[in-house]
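Me: I am new to reading protein models, and I would like to learn how to describe what I see. Could you take me through one example, feature by feature?

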Amino acid sequence: VKDTLLGAWALTVLALALALVTNHVRGLPVRPFQAFRPQPRYLTLAEARSWQQSGAAFLDLRPAEDYRQAHVPGALSVPLDRLAQRPWSNLSRQQVLVLYCAGRDCGAHALAAQALEADGYHRLLVMPDGWKGWSQTP
Amino acid sequence: VRELARLALAGVFLAASLPKVAEPAAFAQTVANYRLLPDAAVTLTALALPWLELVAGVALLLGLFSDSAALLLALVAAGLAAAVGTAQARGLTIHCGCFGAGGDTLVPWPGLALDLVLLALALYSWRAGPGRWSLDGWLASIESSPPRSSSRSPR
């Protein structure tokens, strides 16, 4: 039994070492000694409307001009060229944030999510259908 | 029979480990979905568990450190059975993640049954030993064979 336990310990150490070394060599975005951060979850339009009624804050990632013309009621304008100014700084870090831009072809979510996560905002949701989907759905 | 049990166990765990080794970030999300571990432990678990399955699977396939590998896989199978069972009991609708991220939504009894079969196989392999057709068996046969007498006689 002693040899079995010793061998099990050796195999465990070997597996852990391989995991850490290969993760480091491959440069994967998995940081073993940091707490897990879930990826932003994608919402359907119905879910997004439900979150709006629940008090989630919407961040509009489109250019300011587009935002001025129309936007989700209550949304905060966060055009990508203003990410560095952190226009969300008045929001609580416990607040659920729903990110959206023009539509499905827009890739602004990843950049905005990265900046928000760096600021300690981790309750991020994405409305991938964007303003186009929102405005076309009653 | 014990060789078959050992090889079947090794095959299942090798097949299960490779997709998870390839996509640790996706597997971390799967582990987090079970809501059993604190966030601080999720990433390291998602990184280490597939490698543990892989290393123990290879050891079992070769029949080297077979007892230790079978014991480790028994613990892993017991942990997975507990995770799947409690996920069902808590009413979570999540992917099993048994063979990597994605796949079908968690199905209670097949997933749990597979883990319990693996647990039984691992315990059997642990108790039965590696068998003759294994590196452990080969090494044991070398150790137990009588030493050859030298052809030269001492002067």
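**Reading the features of a two-chain model**

Reply: Let us begin with the contacts in chain A that have a separation of 6 or more, of which 66% are between residues 24 or more positions apart. Please keep in mind throughout that this is a predicted model.

Me: How should I read a pair of aromatic rings, and how many aromatic pairs does the structure hold?

Reply: In general, one describes such a pair by the distance of the centres and the angle of the planes. Over all chains, the structure holds two aromatic pairs. In one of them, the ring centres of F58(A) and W134(A) are 5.7 Å apart and the planes stand at 65°, so this pair is edge-to-face, since planes over 60 degrees apart count as such.

Me: Where do F58(A) and W134(A) lie, and are they buried or exposed?

Reply: F58(A) belongs to strand β2 (residues 57–60) of chain A, whereas W134(A) belongs to helix α5 (residues 130–136) of chain A, so the pair ties together parts that are 76 residues apart in sequence. Both F58(A) and W134(A) are buried, and together with Y100(A) they form one aromatic cluster.

Me: How do I read the packing of two helices, for instance that of α1 of chain A and α4(B)?

Reply: The general idea is that two packed helices are described by the angle between their axes and the distance between the axes. Here, the axes of helix α1 (residues 2–26) of chain A and α4(B) come within 8 Å and cross at roughly 70°, and the two helices are therefore roughly perpendicular to each other. The crossing of α1(A) and α4(B) is right-handed. On the side of α1(A), the contact is made by D3(A), T4(A), L5(A), G7(A), A8(A), L11(A) and T12(A), and on the side of α4(B) by D67(B), S68(B), A69(B), L71(B) and L72(B). Sorted by class, the residues in this contact of α1(A) with α4(B) are six nonpolar, four polar and two charged.

Me: What is the angle at which α4 of chain B crosses helix α1 of chain B?

Reply: The axes of α1 (residues 2–22) and α4 (residues 66–89), both helices of chain B, cross at roughly 55° and come within 12 Å, and α1(B) and α4(B) are therefore oblique to each other. This crossing of α1(B) and α4(B) is left-handed. The contact involves R6(B), L9(B) and F13(B) from α1(B), together with S66(B), L73(B), V76(B) and A77(B) from α4(B), and the residues divide into five nonpolar, one polar and one charged.

Me: Finally, which residue in the loop between β3 and β4 of chain A has a positive phi although it is not a glycine?

Reply: That residue is R86(A), with a phi of about 50°, and it sits in the loop between β3 (76–77) and β4 (97–100) of chain A. R86(A) is partly exposed, with a relative accessible area of 27%. In chain B, F65(B) is a residue other than glycine with a positive phi, near 55°. F65(B) lies in the loop between α3 (39–62) and α4 of chain B, and F65(B) is partly exposed, with a relative accessible area of 47%.

Terms used:
Residues numbered from 1 in each chain as written. Chains lettered and ligands numbered in written order. Predicted model: local features only at pLDDT ≥ 70, side-chain atom pairs only at ≥ 80, totals over all residues. Heavy atoms only, no water. Axes fitted to C-alpha atoms, helices over the stretch in contact; angles between N-to-C directions. Helix = DSSP H or I, 4+ residues; strand = E, 2+ residues; numbered from the N terminus. Parallel < 35°, antiparallel > 145°, perpendicular 65-115°, else oblique. Left-handed = near helix turned anticlockwise from the far one by under 90°. Contact = heavy atoms within 4.5 Å. Nonpolar A, V, L, I, M, F, W, Y, C, P; charged D, E, K, R; others polar. Phe/Tyr/Trp six-rings, centres within 6.5 Å; stacked < 30°, edge-to-face > 60°. Buried < 20%, exposed > 50% of the residue type's maximum accessible area, 1.4 Å probe, protein only.
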